[in-house]
Amino acid sequence: MPGINLLRPKKQKKTLRVFKPEYIQILIDVIKMRLEEESVSQSIFAKQIGVSPSCVSEFFSGKTEPSLKVERNISRVLHIDPAVIPGI
């Protein structure tokens, strides 16, 4: 029938919260500093915040950004003021 779309609508892609690179780099630097202060490895940190070690590595390299839930976990686990973490 003309005018009727029988196909399923396309799924909406998740919108990434994109922050300016300087904010992400500040966050990465703060996280690395806290990990060093606490003598915590990236793999242990990954378990504590509920992601895989490869996710932490990708975040540190700038390939991905953490979700809001992960950012909250980072703040809680490392005792970082949420004001330092963009998006919280």
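**Exercise 1.** What percentage of the 88 residues in the protein chain is buried?

*Solution.* The model is predicted, so local features need pLDDT of at least 70 and side-chain atom pairs count only at pLDDT 80 or more, while totals for chains, interfaces and linings use all residues. Residues are numbered from 1 along each chain as its sequence is written, and side-chain values use heavy atoms, with hydrogens and water left out.
Step 1: take the cut-offs, where buried means under 20% relative accessible area, exposed over 50%, and partly exposed in between (1.4 Å probe, protein chains only).
Step 2: apply them to the chain, where 28% of the 88 residues are buried.

**Exercise 2.** State how many helices and strands the protein chain has, and give their pattern.

*Solution.* Step 1: helices (H or I, at least four residues) and strands (E, at least two) are DSSP runs, numbered from the N terminus.
Step 1: the count is 4 helices and 0 strands, and the pattern along the sequence is α-α-α-α.
Step 2: in H4, the buried residues are Val70, Glu71, Asn73, Ile74, Ser75, Val77 and Leu78.

**Exercise 3.** Describe the surroundings of the ring of Phe60.

*Solution.* Step 1: rings of Phe, Tyr and Trp (its six-membered ring) pair if their centres lie within 6.5 Å; planes under 30 degrees apart count as stacked, over 60 as edge-to-face and the rest as tilted.
Step 1: the structure holds 1 aromatic pair. Phe59 and Phe60 form this tilted pair, at 5.9 Å centre to centre with 40° between the planes.
Step 2: Phe59 is buried because its relative accessibility is 6%, and Phe60 is buried because its value is 11%.
Step 3: the charged end of Lys32 sits over the ring of Phe60, 5.2 Å from its centre (the criterion is NZ of Lys or CZ of Arg within 6 Å of the ring centre and within 35 degrees of the ring normal).

**Exercise 4.** Which residues lie nearest the centre of the second largest pocket, and how many residues line it?

*Solution.* Step 1: on a 1 Å grid over the protein atoms alone, a pocket is an open set of points where a 1.4 Å probe fits, with protein on both sides within 12 Å along at least five of seven lines; lining residues have an atom within 4 Å of a point.
Step 1: the lining has 14 residues, and Val51, Cys55, Phe59, Thr64 and Pro66 lie nearest the centre.
Step 2: helices H2 (42–49), H3 (53–61) and H4 (68–78) each give two or more residues to this lining. H3 gives the largest share, 5 residues.
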